[in-house]
Number of protein chains: 4
Amino acid sequence: MIVAMQESAPEEQIQRVIEHLVKMGFSVHRTTGVRQTVLAGVGPRSDFDVRDVEVLAGVEQVHRISAPYKLAGRSFRPQGTVVAFANGVKIGAEEIVVMAGPCSVESREQLFTVAEQVAKAGARALRGGAFKPRTSPYSFQGLGLEALKLLREAGDRFGLLVISEVMEISQIEPMLPYVDILQVGARNMQNFNLLRELGKVRKPVLVKRGIAATLEELLLSAEYIMAGGNYELILCERGIRTFETYTRNTLDISAIPIIHKLSHLPMASDPSHGTGRRDKVAPMARASVAAGADALLIEVHHDPDKALSDGAQSLYPEQFSELMAQLRMIAPAVGRRMV
Amino acid sequence: MIVAMQESAPEEQIQRVIEHLVKMGFSVHRTTGVRQTVLAGVGPRSDFDVRDVEVLAGVEQVHRISAPYKLAGRSFRPQGTVVAFANGVKIGAEEIVVMAGPCSVESREQLFTVAEQVAKAGARALRGGAFKPRTSPYSFQGLGLEALKLLREAGDRFGLLVISEVMEISQIEPMLPYVDILQVGARNMQNFNLLRELGKVRKPVLVKRGIAATLEELLLSAEYIMAGGNYELILCERGIRTFETYTRNTLDISAIPIIHKLSHLPMASDPSHGTGRRDKVAPMARASVAAGADALLIEVHHDPDKALSDGAQSLYPEQFSELMAQLRMIAPAVGRRMV
Amino acid sequence: MIVAMQESAPEEQIQRVIEHLVKMGFSVHRTTGVRQTVLAGVGPRSDFDVRDVEVLAGVEQVHRISAPYKLAGRSFRPQGTVVAFANGVKIGAEEIVVMAGPCSVESREQLFTVAEQVAKAGARALRGGAFKPRTSPYSFQGLGLEALKLLREAGDRFGLLVISEVMEISQIEPMLPYVDILQVGARNMQNFNLLRELGKVRKPVLVKRGIAATLEELLLSAEYIMAGGNYELILCERGIRTFETYTRNTLDISAIPIIHKLSHLPMASDPSHGTGRRDKVAPMARASVAAGADALLIEVHHDPDKALSDGAQSLYPEQFSELMAQLRMIAPAVGRRMV
Amino acid sequence: MIVAMQESAPEEQIQRVIEHLVKMGFSVHRTTGVRQTVLAGVGPRSDFDVRDVEVLAGVEQVHRISAPYKLAGRSFRPQGTVVAFANGVKIGAEEIVVMAGPCSVESREQLFTVAEQVAKAGARALRGGAFKPRTSPYSFQGLGLEALKLLREAGDRFGLLVISEVMEISQIEPMLPYVDILQVGARNMQNFNLLRELGKVRKPVLVKRGIAATLEELLLSAEYIMAGGNYELILCERGIRTFETYTRNTLDISAIPIIHKLSHLPMASDPSHGTGRRDKVAPMARASVAAGADALLIEVHHDPDKALSDGAQSLYPEQFSELMAQLRMIAPAVGRRMV
């Protein structure tokens with residue numbers, strides 16, 4: 001921690017800040033310049049609140065030097081994390097992995113139709129929501145356990161991994177037999193009790209960035225899970241809220257290279273939720289791959305007009321196939337490949 | 001719903017949109033102008049996704065006319081909601097109600113010291129966190145049930161109502177005997193499962209606006225709870241995330257008069273979380289009252305430097321007393337009063 | 001400047017960063033900890049770009065310690081700046097100064113009618129636009145020089161100072177004989193050529209914060225003008241752009257106490273542009289005064305429905321009088337007064 | 001324009017709104033539903049302020065139906081605009097055009113070195129700043145006219161078009177003999193006087209999106225120029241301001257497909273200003289091309305460590321060549337090509 005004192009700060013205030021830092025467990029180095037005094041606090045702790053020092057008399061600015069996360073930081077595993085699955089698929093390796101499927105599992109027929117089509121087009125995992133608490137209390141809320149069984153069955157039939165969202169601690173246990181990846185949605189990115197429980201699980205977790213979360217906060221959420229011993233994580237950009245209202249959210253493509261610099265974890269992108277509009281999904285999926293994404297999450301529905309949720313952002317199967325062909329052309333430009 | 005077609009949209013596309021609207025349950029009025037065709041869909045449903053129409057061929061824009069909430073809207077109770085408590089305190093009436101106390105309940109001694117001081121200064125409710133899942137996995141996590149008992153005891157001793165945050169469905173039941181108001185934090189504003197359960201409770205709930213939530217979304221969260229039959233709600237502004245980084249969040253004071261226009265529910269303000277810095281709490285508390293807030297939530301600690309959480313934004317008891325004196329001067333300017 | 005090196009940074013990279021800092025004119029203090037090396041660069045320059053160091057190999061983070069502004073900083077004049085006018089009015093002193101008038105000067109009759117009414121209600125300055133380049137190329141563009149003459153005449157008649165916006169360097173000279181305060185609009189806050197010319201003028205300037213400008217950037221714009229020798233400045237909050245769309249902008253009330261802490265310059269608030277809606281002007285004006293604003297800019301029109309610009313945010317004269325009465329009640333709560 | 005009345009609005013208020021609309025020049029269609037009355041105003045005007053109706057008594061919501069721009073809208077030229085130059089280069093056609101060069105022109109040697117290298121790598125235009133008013137009043141301010149002459153000479157020598165930024169009306173005339181494209185910077189996107197003058201010029205103009213500008217506002221700025229008769233425009237995304245602070249700005253890649261849908265104008269991307277960091281330029285340039293950008297603006301410097309401005313975001317020439325090779329691989333995936 002670096003503490004810059006105000007120009008006018010008297011010696012007495014400087015001493016009080018030094019004492020405070022020492023009490024917090026830091027050893028303090030002092031540099032006195034022409035204009036001001038700067039204190040550097042060096043120590044083992046990372047769980048402090050810089051504001052506790054900011055509000056002391058005579059303090060101008062405080063900067064945290066060490067990142068507040070450790071396990072999620074690039075230096076913990078400089079070579080990068082590869083999340084590997086039993087069927088040979090790897091996220092974070094050379095192949096770009098596409099996870100596709102409907103927003104919600106609506107019926108056996110719907111799911112199997114979509115699963116077959118996305119598998120044929122080259123997807124490696126099947127996505128589908130089982131629990132769908134919606135913004136409006138009057139909307140469809142998901143098939144629950146039945147959906148999970150259908151996902152597993154369809155995944156096995158068409159050789160696809162299964163990913164689905166977990167929304168509460170009580171859902172973890174029932175989901176484990178059916179899914180290969182537990183997804184944490186944007187709204188739960190800072191549901192710390194849920195994250196803590198997921199740290200005890202031995203199954204990969206994909207964490208989506210909250211719509212108002214900084215990348216540092218996303219990494220701190222990853223840290224929460226990793227602190228419990230679960231290192232099989234994938235992060236995912238899905239759009240942030242900005243002043244522009246034409247799209248639902250602004251998909252922050254630059255998050256992809258930034259996470260790759262700050263962390264060793266694989267980074268996915270979700271252009272469906274990131275844009276909220278079918279006609280913007282393909283350009284943003286291509287952009288994500290061109291920027292280095294390790295995986296994509298894409299909503300596909302065989303009959304989006306009748307979809308019970310998010311039909312407007314679901315691709316038609318033929319649009320998905322066409323997109324996959326484009327992605328295959330882009331992958332080599334970034335040293336990657338797709339099946 | 002209003003659908004504006006593109007200038008160039010052929011009759012065939014217009015017909016397809018009309019059919020779609022009719023299938024969604026709307027009756028359709030058509031206006032054909034020199035430049036374009038506009039369709040007005042009139043009907044009883046409010047749980048539709050405008051994007052389903054936006055993505056149809058030939059559509060330029062779609063506007064939702066009726067608000068997506070009903071029970072939370074001003075017209076449901078034009079005279080305004082007053083949340084009344086057994087001890088005679090009312091939120092939403094003439095008196096401005098101040099709820100104060102420490103961020104976390106840390107010990108009996110701490111809580112009773114602070115409670116006595118805020119009661120003496122004119123607070124009407126005691127706030128204090130029992131469950132504190134923190135951004136960092138390495139920080140203090142709260143005293144739990146023990147904290148709730150202490151809150152109740154201190155509240156009774158000093159004649160204060162008790163408000164504390166509920167973070168999970170499983171906490172509702174154990175909290176009911178101890179608190180007068182259940183608080184939903186900003187991160188849980190869209191935890192719809194939790195909201196649904198709170199709709200079944202017969203106890204007032206205070207809902208904080210999420211840091212990236214629009215006011216419409218805040219009202220939709222209120223709708224969730226009200227749809228369950230619990231109409232005793234208070235809403236609360238506590239800062240939104242903007243590009244300005246000097247404060248943690250930007251306390252959106254204009255949310256106060258806007259909610260008063262759109263809704264009948266009382267509107268509170270939390271200048272402690274809204275600014276994150278002790279020296280900004282008093283000006284923003286005064287501004288909230290001047291803008292018409294019905295209640296304030298303020299963090300006070302008798303020894304903020306030793307607080308286990310958020311000490312930097314907690315007022316010293318003497319600062320709180322001074323602030324209360326200022327608020328008492330401002331209240332009459334907006335036709336309100338304080339004890 | 002503080003440079004934190006990456007944990008893994010080899011000595012060779014550290015040396016290269018030290019050399020770079022020395023070349024930039026800094027003397028360098030080195031602290032080597034268990035985890036990483038931290039370099040502190042101390043020197044007289046403030047016109048550097050921290051990114052030049054950020055991109056060097058092995059660098060983790062760079063923090064600027066000294067503020068990039070000096071003349072605008074609180075320590076330059078700890079007692080605060082008071083901008084005093086010939087008629088005895090002072091901005092930044094005990095009295096809160098209200099500047100009111102129409103958005104645009106439309107006619108002699110309109111201006112004199114409004115001027116008389118705002119003077120009677122207690123305003124101290126008359127505002128009115130002479131040059132109105134509008135968002136749409138098809139709208140009213142202002143009366144120009146004629147408007148300035150009318151403003152001066154009305155100001156003299158009713159004992160009001162005159163403030164009007166300058167939009168281009170070429171307008172400064174013609175405006176000088178007619179106005180008491182030159183206003184720089186939000187869109188010109190970073191028009192550095194204009195700011196430089198205003199530094200040469202010996203007349204007070206009011207600078208409005210840009211809708212996407214941080215407070216540091218606002219102070220840097222003030223620095224630009226002060227660097228030319230003109231120290232008679234007033235800053236003004238008028239709303240920032242956020243994701244919330246109910247109001248045009250989000251009036252950032254917290255900017256008022258923050259500027260008072262960081263700078264010695266008086267801070268005004270413009271609730272008319274800050275909200276864009278008549279019914280939100282009064283609550284936000286009251287909130288601004290309660291938060292410590294030194295001055296207010298308020299749009300008033302005797303017939304807003306016929307106003308040629310911004311009628312929707314203009315108060316009726318009787319609303320303005322009522323607001324002034326409320327402000328008079330609030331002022332003493334913050335140790336201020338109004339006539 | 002669509003006006004939704006409040007549920008409770010009495011007939012008298014509805015009549016007053018209808019009268020107001022008629023006075024504004026609209027013919028009014030009325031739909032009375034179970035819940036509320038909706039009025040549709042149809043007419044030739046597009047230069048109205050919806051807020052004038054929003055503030056009338058009894059009005060719940062107002063929606064503008066027709067876009068506030070006409071000439072810039074897609075329907076004005078459904079086939080798209082191609083900006084063609086004398087040397088055969090076309091922006092908006094099949095070829096993706098890369099414009100590269102230093103942030104500022106610093107010297108003959110610097111400019112010619114960089115120009116030769118970017119031409120060799122496949123750039124089609126040379127960019128370079130002549131006038132550089134900087135955020136800090138203490139920084140390098142550009143070579144002015146001398147820079148323009150050097151740009152022309154270097155452009156001619158290496159077969160490159162020349163693009164440079166115009167910051168004031170007085171610079172237009174002197175720039176015309178030297179540049180092929182006049183660039184309007186983000187800060188001047190709403191400098192309407194400048195835009196109006198550029199409408200009279202017969203030379204292509206590239207307009208950058210302001211950091212807080214919506215896409216609708218960008219199109220309205222284009223409308224300003226086109227209203228003067230200059231239809232040779234290129235738009236450019238260069239990053240918007242969001243809460244994320246890791247990068248200077250958030251490059252909004254989705255702006256590219258959105259502008260292509262809303263407008264016929266070519267859309268460029270500037271990943272250098274959009275990220276502010278050299279190591280993020282290549283991924284974001286690739287993402288822009290993958291999302292359909294017609295052109296790129298990229299800063300390249302032969303010795304960025306010594307650059308007088310923005311060195312941190314300038315690519316080394318070898319990085320630029322490598323990037324061009326990657327872009328050449330991506331272009332065919334979107335049906336485009338590069339030389």
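# Questions on a predicted model

User: In which order do the strands of the closed barrel of chain A run?
Analyst: In this predicted model, chain A holds a closed barrel of eight strands, and the pairing in that barrel is parallel. Neighbouring strands of this sheet are turned by 25° against each other on average, with direction ignored. Along the barrel, the strands of chain A follow the order 7-8-9-10-11-12-13-14.

User: Which residue of strand 14 of chain A stands opposite Ala268(A)?
Analyst: Strand 13 of chain A, residues 267-269, and strand 14 of chain A, residues 295-299, are joined in the parallel sense by two bridges. Within strand 14 of chain A, the residue that stands opposite Ala268(A) is Ala295(A).

User: What angle does the direction of helix 8 of chain A make with that of strand 13 of chain A?
Analyst: Helix 8 of chain A packs on the sheet, where strand 12 (233-237) and strand 13 of chain A are the strands it touches. Between the direction of helix 8 and that of strand 13 of chain A, the angle is about 170°.

User: Which helix of chain A gives the most residues to the side that touches chain D?
Analyst: The contact takes 35 residues from chain A and 35 residues from chain D. On the side of chain A, the elements that give two or more residues are helix 8 (255-262), helix 10 (278-290) and helix 11 (317-330), while by class this side divides into 21 nonpolar, eight polar and six charged residues. The most, eight residues, comes from helix 10 of chain A.

User: Which residue of chain A has the C-alpha nearest the axis that relates chain A to chain D?
Analyst: Chain A can be laid on chain D with an RMSD of 0.0 Å by a turn of 180° and a shift of 0.0 Å along the axis, and the two copies are therefore related as by a two-fold rotation axis. The same surface serves both copies, since 100% of the contact residues of chain A recur in chain D. In chain A, the C-alpha nearest the axis lies 2.0 Å from it and belongs to Ala287(A).

User: Which strands of chain D are the edge strands of its open sheet?
Analyst: The open sheet of chain D has four strands in the order 2-3-1-4, with antiparallel pairing, and its twist averages 20° from one strand to the next. An edge strand here pairs on one side only, which holds for strand 2 (27-32) and strand 4 (59-63) of chain D.

User: Which residue of strand 3 of chain D stands opposite Val28(D)?
Analyst: Strand 2 of chain D and strand 3 of chain D, residues 37-42, run antiparallel and are joined by six bridges. Helix 1 of chain D, residues 11-23, lies across strand 1 (2-5), strand 2, strand 3 and strand 4 of chain D, running at about 10° to strand 3. In strand 3 of chain D, Val28(D) finds opposite it Gly41(D).

User: Is the crossing of helix 3 and helix 4 of chain B left-handed or right-handed?
Analyst: The axes of helix 3 (residues 108-121) and helix 4 (residues 145-158) of chain B come within 10 Å and cross at roughly 35°. Residues making the contact include Leu111(B) and Phe112(B) of helix 3 and Leu151(B) and Ala154(B) of helix 4, and by class the contact has eight nonpolar, no polar and two charged residues. The crossing of these helices of chain B is right-handed.

User: What pLDDT does chain A average?
Analyst: For the complex, the predictor gives an ipTM of 0.89 and a pTM of 0.89. In chain A, 96% of the residues score at least 70, and the average pLDDT is 91.

Methods. Residues are numbered from 1 along each chain as its sequence is written. Chains are lettered from A and ligands numbered from 1 in the order in which they are written. This is a predicted model: local features need pLDDT of at least 70, side-chain atom pairs count only at pLDDT 80 or more; totals for chains, interfaces and linings use all residues. Axes are lines fitted to C-alpha atoms, for helices over the stretch in contact, and angles run from 0 to 180 degrees between N-to-C directions. A crossing is left-handed if the near helix is turned anticlockwise from the far one by less than a right angle, and right-handed if clockwise. Two residues are in contact if their C-beta atoms, placed from the backbone, lie within 7 Å. Ala, Val, Leu, Ile, Met, Phe, Trp, Tyr, Cys and Pro count as nonpolar, Asp, Glu, Lys and Arg as charged, and the others, Gly among them, as polar. pLDDT is the predictor's confidence in each residue, from 0 to 100. Two strands pair if DSSP finds at least two bridges between them. Copies are superposed by least squares on the C-alpha atoms of residues with pLDDT of at least 70 in both.
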